[in-house]
Amino acid sequence: MSNIVTATPGLPATVPLLSITSPATSSNNQGTTWLNWTGSDSASGIAYYEVQLDSEAWINKSMATTHTFTSLGAGAHQLKVRAWNNAGLSRTAWVNVTTDLTTVTGKVVEEDEDPVVGATVTAGGQSDITDANGDFQLELFPGTYTVSITLGERTHTFQFTVSEE
């Protein structure tokens, strides 16, 4: 009887290095931001990267080191990147950003200046219904929009520009 033990060396158990290169933490954007990062693992190598917006599902980026987040809603967001190595270990880095939208308010009135109640005002994929005073409010990014006001069979459209502050 022999007491022979064989061992197969495994991959070193270290987590990858990971650093976000842009955007800077607490930076502002206007609905689109690019997340860029660097990662390395000299022991077992990087297997793949993933990105996440807030608490949404992780997105596999394979070996890419950039991702564009679009159509970010107004307010604070957390952008995350996670590096996985070939040993099955990961490291996560994140940055907090803020999406700035411009609040556009207006009033819809008839030719005699009476308020139009219940009209739908639409621009840039956003819409609001006028209140008892004919008032509406939209949250828009800077840019030029076709504004549509609809009440029953009547529709009026015009161009409107939201400028950067």
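Buried means under 20% relative accessible area, exposed over 50%, and partly exposed in between (1.4 Å probe, protein chains only). This is a predicted model, where local features need pLDDT of at least 70, side-chain atom pairs count only at pLDDT 80 or more, and totals for chains, interfaces and linings use all residues. Residues are numbered from 1 along each chain as its sequence is written, and side-chain values use heavy atoms, with hydrogens and water left out.

**Exercise 1.** Work out which class, buried, exposed or partly exposed, aspartate 135 falls in, and find its salt-bridge partner.

*Solution.* Start with the area: aspartate 135 has a relative accessible area of 27%, so call it partly exposed. Next, look for a salt bridge (a side-chain nitrogen of Lys or Arg within 4 Å of a carboxyl oxygen of Asp or Glu). Aspartate 135 meets lysine 107 that way, at 3.4 Å, N to O. Then place the two: aspartate 135 is in strand β12 (residues 135-140) and lysine 107 in strand β9, so the pair ties together parts 28 residues apart in sequence. Strands here are DSSP runs (E, at least two residues), numbered from the N terminus. Lysine 107 is partly exposed too, because its relative accessibility is 48%.

**Exercise 2.** Find what threonine 102 touches and decide whether it's buried or exposed.

*Solution.* First, locate threonine 102: it sits in strand β9. Its relative accessible area is 19%, so it counts as buried. Now list contacts (heavy atoms within 4.5 Å). Skipping residues up to four places away in sequence, threonine 102 touches Leu138, Glu139, Leu140, Val162 and Ser163.

Key
Helices (H or I, at least four residues) and strands (E, at least two) are DSSP runs, numbered from the N terminus.
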